[in-house]
Amino acid sequence: MSQRSAQPDPEILGEELTAYLDGELDAETSRRIEELLATDASVRARLQKMERSWDLLDELERPELDAAFARSTLEMVTVAVEDDVAQAREEAPRRRRVQWLLGAAALVCLALAGFTLVLALRPDPNLRAVQEMPVLDRLEPYLQIEDLEWLRLLHEADVFGEEDSGPQASGQ
């Protein structure tokens, strides 16, 4: 009884027995099958049935194939190939359109990515104007000043009432 519980699945055993009869097993599996055959009568009986079936198959008369069979088989293959070629020809224009559309979509995406990159990396032309806004607010009084040194003296004397901020305060 313990021998039977160690048996593999009957389907797997059938495949292994078939491979054993064909001589397709490696040495380890062949040794395992031979041990199983030596210890289990049901496996031996199954192998003998398989051998008889194979022997009977060898005794069967082999049908002769005539030229009509070969011709009809070739015609079926030819028709199948022609259908495949026709289908490929029908799909070719659609495939080309899809390729063009994908290429155009890729170009649009690349253009948008380039535009976004340029916007992100180039300096803002209005940034300097925004930074110089306090100077621009008081442009009229500054235009009255003829000497830059005099302007610096007024700034140091805190005539404008502002804290030092920006490039104008440091004299740059």
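In helix 3, Leu-36, Leu-37, Ala-38 and Thr-39 meet Ala-41, Val-43, Arg-44 and Leu-47 of helix 4, where contact means heavy atoms within 4.5 Å and helices are DSSP runs (H or I, at least four residues) numbered from the N terminus. The model is a predicted one, in which local features need pLDDT of at least 70, side-chain atom pairs count only at pLDDT 80 or more, and totals for chains, interfaces and linings use all residues. Residues are numbered from 1 along each chain as its sequence is written, and side-chain values use heavy atoms, with hydrogens and water left out.

Helix 4 covers residues 41-59, and helix 3 packs against helix 4 at about 110° with the axes 5 Å apart; axes are lines fitted to C-alpha atoms over the stretch in contact, and angles run from 0 to 180 degrees between N-to-C directions. Helix 3 is therefore roughly perpendicular to helix 4, a term for angles of 65 to 115 degrees. The residues of this contact divide into 6 nonpolar, 1 polar and 1 charged (Ala, Val, Leu, Ile, Met, Phe, Trp, Tyr, Cys and Pro count as nonpolar, Asp, Glu, Lys and Arg as charged, and the others, Gly among them, as polar).

Turning to the other partner of helix 3, helix 2 (residues 10-22) packs with helix 3 (residues 27-39) at an angle of about 110°, their axes being 11 Å apart. Helix 2 is thus roughly perpendicular to helix 3. Helix 2 contributes Leu-13, Glu-16, Leu-17 and Tyr-20, while the residues from helix 3 include Arg-32, Ile-33, Leu-36 and Leu-37. This contact comprises 6 nonpolar, 2 polar and 3 charged residues.

Definitions and conventions:
Helices (H or I, at least four residues) and strands (E, at least two) are DSSP runs, numbered from the N terminus. Angles under 35 degrees count as roughly parallel, over 145 as roughly antiparallel, 65 to 115 as roughly perpendicular and the rest as oblique.
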